[in-house]
Amino acid sequence: MSAALDSLLDLLDLEQIERDIFRGTSRSALVPRVFGGQVAAQALVAAGRTVPADRSAHSLHSYFLRMGDPGAPIVYSVDRIRDGRSFTTRRVVAVQHGQPIFHLSASFQTYEEGLEHQAAMPPAPDPETLPTAAQLLPRYADRFSHPGVVDRLIEARAAVDLRYVDAPPFASVGEPREPRSQVWFRTNGKLADDPLLHVCMATYVSDMTLLDSVLLAHGRGGWAVGDVVGASLDHAMWFHRPFRADEWLLYDQESPSASGGRGLGQARIHTQDGRLAITVIQEGVVRVPRD
């Protein structure tokens with residue numbers, strides 16, 4: 001296991017203060033706020049620790065309310081909304097400096113046999129043939145707005161091996177493309193056999209690239225280039241089938257709409273053998289800076 005992955009696992013291992021109250025810390029962020037994927041994953045950890053082990057997360061719906069302060073702890077308060085025969089519902093509020101910064105509702109279910117069908121996995125190249133972040137990012141150092149961005153991006157992704165199938169937004173500034181993006185990802189090391197951990201890790205990664213397809217449609221490079229500003233507004237995920245976050249997952253993303261200073265991204269995550277594991281939808285603020 002890499003040191004970066006070990007550090008990320010420590011980040012997700014929340015401290016329990018009281019029954020249904022947990023505390024987490026933050027890692028240094030690429031921007032002066034808490035990374036959205038981190039607070040979503042930590043909130044899901046908090047919810048999952050109040051649920052029987054035989055019930056797996058099957059969906060989450062969340063809202064980002066305020067920017068998080070990476071220098072302060074985050075307190076997660078869990079409400080036990082419902083414990084039914086098959087389903088368990090939890091609500092989590094993340095608080096900093098006395099104010100809520102994030103709200104999550106998550107549902108868990110005991111395993112059941114049922115009807116089966118799924119959308120087909122789209123074509124994609126073998127992830128092992130694609131460049132790693134350390135190989136790809138230095139090629140575009142001249143595109144970024146500040147020196148040192150490449151090193152910070154590589155550091156931020158050191159726990160996760162994330163590989164772009166096509167050129168990322170910062171590689172094609174000024175060239176609008178079809179609003180679709182694909183990445184392969186897996187953790188840089190093996191994880192324990194805990195289904196909640198794999199779901200929380202996928203939640204963490206899901207916020208890294210989902211709005212890329214919005215940028216591609218308009219030839220924008222992103223915050224690191226400086227031609228847009230933005231933040232996540234809400235985030236929803238449905239976990240369809242078991243998967244491992246330490247094995248290759250294909251994140252197939254697209255943007256059906258952008259308007260009113262907001263952009264929508266939707267995606268499907270498939271295992272390498274073609275099983276549809278997760279569906280993700282996110283809306284975010286995507287604004288062009290004023291001169």
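Visitor: What makes H97 exposed rather than buried?

Guide: The model is predicted, local features need pLDDT of at least 70, side-chain atom pairs count only at pLDDT 80 or more, and totals for chains, interfaces and linings use all residues. Residues are numbered from 1 along each chain as its sequence is written, and side-chain values use heavy atoms, without hydrogens and water. Exposed means over 50% relative accessible area, buried under 20%, and partly exposed in between (1.4 Å probe, protein chains only). H97 has a relative accessible area of 62%, so it is exposed. H97 is found in the loop between β5 (87–96) and β6 (99–110), strands being DSSP runs of E of at least two residues, numbered from the N terminus.

Visitor: Why is D20 called buried?

Guide: Its relative accessible area is 9%, and therefore D20 is buried. D20 lies in the loop between β1 (15–18) and β2 (21–24). D20 also has a positive phi of about 70° although it is not a glycine.

Visitor: How do you know that α2 is largely enclosed?

Guide: Of the 13 residues of α2, 13 are buried, so the rest of the structure largely encloses this helix. A helix here is a DSSP run of H or I with at least four residues.

Visitor: Why are α2 and α5 called roughly antiparallel?

Guide: Angles run from 0 to 180 degrees between N-to-C directions, with axes fitted to C-alpha atoms over the stretch in contact. Helix α2 packs against α5 (residues 195–206) at about 160°, with the axes 7 Å apart. Angles under 35 degrees count as roughly parallel, over 145 as roughly antiparallel, 65 to 115 as roughly perpendicular and the rest as oblique. The pair is therefore roughly antiparallel.
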